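Here's a quick tour of one protein model.

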Amino acid sequence: MRRILSAALSGGGEYADIFMEDTRINSMVLQDGKVSQAQQVCLYGAGIRAVKDGRTGYAYTMDLGERAMLQAARFAAGSMSQGKGGAGISSLPPGTAGMQGGAVEDLWAEAASPRLLDPAATRQLLQKVEEKARSLDASVIKVKAYVSQRSQEVQFASSDGTAFHDLRPRMSLSLSIVMERGGQTQMGYATRMMQTGAEFFSDALIEEIAGEAIRRTDFLFSASQTEGGEMPVVMAAGSSGILLHEAIGHAFEADFIRTGDSIFTGQLGKEICSPDISIVDDGTMAGDAGMLRYDDEGIPGQRTVLVDRGRLSSFLYDRISARQLGTEPTGNGRRESFRCTPLPRMRSTYMLPGEAREEDIIRSVRRGIYAQSFTNGQVQIGAGDFTFFMKTGYLIEDGRLTRPLRDLNITGNGPEALRRISMVGDNLRIDHSASMCGKEGQRVAVSQGLPTVLIDKLTVG
């Protein structure tokens, strides 16, 4: 590792690191009782990075022999800069078991590799999911169940003496169904994802997933659309946190601050919303999809307060953005695989609970929308404008939930919507659906959460 890091610094770099991984992803799809897809993806290799003055040289190889890795390191050094000379390398700690400067709490219940289901057991699991869904409602006519098991082993070393070795399991289960009643069909779904072993796939989880998919689909038969316009919107606790993630969270990522593209550039320390609002990005919740013992740059996992009682208190920093902005990294340097350079990315982003009860928030609205679940959406980072597709919700009339609603667009501006939050509920819920966040072609696992909140005005259409 010392020889490889020296080669990476040979182009005059200030910093270099090596990220090695061995990842296996086993997945299977059962569609109407038959396996329609089964595959294993193997990711095995190393990415080598050299950095100078914010410029990055990067190369990766699937050959972990020293000769191939030295070649990749020299390529990274040459692509970063044409200058000569190098930087010194701090001594790596003995082995690669922990961080230099002290131990980090082990967030895993077991140090052993996670247990995975073999193909036969995976098929049996999916059959149980289908049988449960069909048993709950006779109008189910189609079932598609999907399971993914990821076992990732990571080893990392950098020129500043940081080194770690980590195991990162991740399991997900998804179910989509089609129901038919009176010639009308509707489709619904439910998903879950956690960092754990195969013990995740319990009978209780199967019951939960199947019940949620049935309830969501059943809801659509009685739901309709409504006339649009500007109106108050109550965001339900849990999955509505996707609005927080997309409309606001990305604008806190420090690469957008470094380039001046974020609408929050220059706002650090300033009041940006009500004192009732505090927002956190957390990498320390055991088992959560966004949990990191170390990020992909060797920074220990931590809990970062982004908004503290209405004031913008931090951004989400990787090593490069932290250095350029004169602060410390927050453990948000993440990458999809060894083929990718790390970027500032969210982990689990949520708003802390307030003091209002959900029923009081709904009661305060004369006419508006109660947004219950969302599918996809878009956000423009610079301007902060967003559009989200609300799959299910209710019309609020005179402080009561009345007509079921579906298929509505909700449009607004992220920072403006944040300022228009006038009530925050006491019922924070973290959503553990299978959420993958995309940025610059890279996808990483995240989660989000929200208590029930009232936004005084958004555009519904």
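Let's start with a pair of residues: Thr349 sits opposite Gln448, a residue of strand β19. Keep in mind that this is a predicted model. Strand β19 covers residues 442-450, and it's a handy place to begin.

**Strand β19 and its partners**
- Most of β19 is covered up, with eight of its nine residues buried.
- One partner is strand β13 (residues 348-351), which pairs with β19 in the parallel sense over three bridges.
- Strand β18 (residues 429-439) pairs with β19 too, but this time in the antiparallel sense, over eight bridges.
- Within β19, Val444 has Cys437 standing opposite.

**The turn between β18 and β19**
- These two strands form a hairpin with two residues between them.
- Look for Glu440 in this hairpin: its phi is positive, near 50°.

**The nonpolar cores**
- The largest nonpolar core contains 45 residues.
- Met235, Phe252, Phe264, Met351 and Ile369 are the ones with the most contacts inside this core.
- Helix α5, made of residues 241-248, gives the most to this core: five residues.
- Apart from this core there's another one with 27 residues, including Leu126, Ala198, Ile214 and Phe221.

**A closer look at Met235**
- Which residues does Met235 contact, leaving aside its neighbours within four places in sequence? Among them are Ser240, Leu243, Ala371 and Phe374.
- Met235 is also in contact with Leu450, Pro451, Thr452, Val453 and Ile455.

Terms used:
Residues numbered from 1 in each chain as written. Predicted model: local features only at pLDDT ≥ 70, side-chain atom pairs only at ≥ 80, totals over all residues. Heavy atoms only, no water. Buried < 20%, exposed > 50% of the residue type's maximum accessible area, 1.4 Å probe, protein only. Helix = DSSP H or I, 4+ residues; strand = E, 2+ residues; numbered from the N terminus. Pairing = 2+ DSSP bridges. Core = buried A, V, L, I, M, F, W, Y, C linked by side-chain atoms within 4.5 Å. Contact = heavy atoms within 4.5 Å.
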